[in-house]
Amino acid sequence: MSSENILDDEDTFKILISTDIHLGYLEKDAIRGNDSYNTLNEILECAKKNQVDFILLGGDLFHENKPSRRCLHSCITMLRKYCMGDSPVTFNVISDQTVNFNTTQFPWVNYQDENLNISIPVFSIHGNHDDPTGAEGLCALDLLSASGLVNHFGHSHSVERIEISPILLQKGSTKLALYGLGSIPDERLYRMFVNNQVTMLRPKEDQDEWFNLFAIHQNRSKHGPTNYIPEQFLDDFIDLVVWGHEHECLIAPTRNEQQLFYVTQPGSSVATSLSPGEATKKHIGLLRVKGRKMNLQKIPLRTVRQFFIQDVVLADYEDLFTPDTPQVTQKVENLCNAKVSEMLEEAERGRLGCPLTPEKPLIRLRVDYTGGFETFNTSRFSQKFVDCVANPKDIIHFLRKREQKEDIKDEFNVDYGKLVKPTAIEGLRVEDLVKQYFEAAEQKVQLSLLTEQGMGKAIQEFVDKDEKDAIEELITYQLEKTQRHLQSRGVTTEQDIDAEIQRFRDSKKNTTEEENDIREAINRARAHRLERGDPDVSDELADVAMDSDEGSVTLPAATRGRGRGGRARGGRARGRGAAASEPKPAGRGRSQRSAPASQSRSILQAFQGPSQRSHIGGSTSFAADEVIIDDSDDDIPVMKATRPPPRPSSSSFTKHSSQSQSQGSRGVAFDDSDEEDNPFKGHSHRSRR
């Protein structure tokens, strides 16, 4: 008996994780039409071979929101072939299934249906390609759910507040809480997190015994100020996040040092674009969970078509040719021909011993012809490789950097190229700009009382939410707190005061105390606005509703924005259409709003001296959590940590706001080795500082 069979006991969950299968992508292509189907077949075959407890899909099972009949037929056929059978399911669902599976008339897990014979349950959230649309809010996953082949979860019906209730699974002594959140427009979900409108429920009893697994399908990389979901938005009690939507395979779990959980990004199982991220070797993961320990084994996919991409900058080949060289275009074409031939030879070497790998690879050569070079006929060039590559029509991609004029002279001899720098700052937030400014500023203009993060947050509130008192309240609050600190320390001389202020300011940087101070100042500003009877402007900043071809979603406030930006569905473009709005009470609409004279201040006036009005409330101090780590030389180090008692609740779950700060240290053991020995051999310590 192998070591794996010994370790896979009655207390170990074996979970196959995969995301972004994009079934049906280019299904009409003569060469690549079967790629997505072959890969799904390999994934399901791998699940059956490894005798997993269940399969977890992170969204975008289908490439089209309305899959073709061939696509649905192939999917149903493969699910029936590999996921139905007499093999027993050895774990139990102990949560309220009517809440977990609220999108079907059969609200229970499929393997517990007396009319079905399921051997490998499939749990899946929806992605942005196969998200629910229409008045009924249905998607292709709901068809599979109604047929009993897939357990669709993580569908939020509300556009105002999200409450994520986990599927509680138990196998032997191991307890697994499976959370899921299907795709939501990033801008909308970003603001819901910021406004504390996302709540994750936790089991009321034995919270520290549950392994918390979260599947999400959103932008992870930053595409704009709000067009992504920062990892810091997610709750810190989570142990492992399975992140879908991003196609680059980064399946090895990485630890978030701020929230102290691990993130695995399996990536797509088929290349849907000829970009560098798609060229990474494709994998799926075999996750083992036993108690509070986990291990993730990477499994390479053998049926994925090879993809090679290379960049060529013609200006770097001065020893071969220049723009003035005779017949330079032919020489450039010969260079590209040699590069493509090299990639084809590499692909052929990679196929040795892998009979399941498709014969023709994907080849992309990106040619930067900046500097006066000319392009050549790509169609004629591609004819040489029609029988060798899977994408003969788009092997060559010409690109050119935007050239700036070196010398712009006018009557003042101003170099506008230096004044207007070409660096894009679309992805920077106001806090980032404030931080960059003070990092580059001279020492004499550095902040004395405030921190860069606090000032950035206050300006963000001023700009985004029109909190006109945010900056003034932050200054007032920090001034009062610093004065109390100096009085308690008994500092009298001017030199000692400056030094103590600097130490006091630096001690709060990037701490919970700093965040609490910022939150308290912003709450004060909102309280003063409400006392004056000003409207709540944050309601007007709700994001754009999800577009669909079948119906519109009504939001509670007039909205504007760019919709999903780069996250459009395959084969469909998204417009900028205005979202519908519900009527508002008088005095809350933008057109009915008449701001008093005291509000018409600029952002510079907000920095002026604070008013001497009284404030209600004060800062809340949090004692540091005591964490004791045993650093002995034993094989299994032990972490002992004090934990807060669970909050009382009348229900079986306790609410955990997505923006709340954990006051207890937690730990999940993770071993990232791919060896076949004990995958649960050590602990990884997590401590909150």
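Biologist: What makes R380 and E333 a salt bridge?

Modeller: In this predicted model, the closest N and O atoms of R380 and E333 are 3.3 Å apart. The cut-off is within 4 Å, so the pair counts as a salt bridge. R380 belongs to helix α8 (residues 378-382) and E333 to helix α7 (residues 328-351), and the pair links distant parts of the chain, 47 residues apart.

Biologist: Why is R380 called partly exposed, and why is E333 called buried?

Modeller: R380 has a relative accessible area of 45%. Buried means under 20% and exposed over 50%, so R380 falls in between, as partly exposed. E333 has a relative accessible area of 4%, which is under 20%, so E333 is buried.

Biologist: Thanks! How do you know that D53 and K171 tie together separate parts of the chain?

Modeller: D53 lies in the loop between α2 (35-49) and β2 (54-57), while K171 lies in strand β7 (residues 167-171), so the pair joins parts that are 118 residues apart in sequence. Their closest N and O atoms are 2.9 Å apart, so the salt bridge meets the 4 Å limit. D53 has 7% relative accessibility, under 20%, so D53 counts as buried. K171 is buried as well, with a relative accessible area of 7%.

Biologist: What separates E348 and R351 in helix α7?

Modeller: About one helical turn, because E348 and R351 are three residues apart in that helix. Their side chains meet in a salt bridge at 3.8 Å, N to O, and this is within 4 Å.

Biologist: Now the rings. Why is the pair of Y179 and F237 called edge-to-face?

Modeller: The planes of Y179 and F237 stand at 65°, and over 60 counts as edge-to-face, so that name applies. The ring centres are 5.8 Å apart, within the 6.5 Å limit for a pair. Y179 lies in strand β8 (residues 174-181) and F237 in the loop between β10 (210-217) and β11 (240-244), so the pair ties together parts that are 58 residues apart in sequence. Both Y179 and F237 are buried.

Key:
Residues are numbered from 1 along each chain as its sequence is written. This is a predicted model: local features need pLDDT of at least 70, side-chain atom pairs count only at pLDDT 80 or more; totals for chains, interfaces and linings use all residues. Side-chain values use heavy atoms; hydrogens and water are left out. Rings of Phe, Tyr and Trp (its six-membered ring) pair if their centres lie within 6.5 Å; planes under 30 degrees apart count as stacked, over 60 as edge-to-face and the rest as tilted. Helices (H or I, at least four residues) and strands (E, at least two) are DSSP runs, numbered from the N terminus. Buried means under 20% relative accessible area, exposed over 50%, partly exposed in between (1.4 Å probe, protein chains only).
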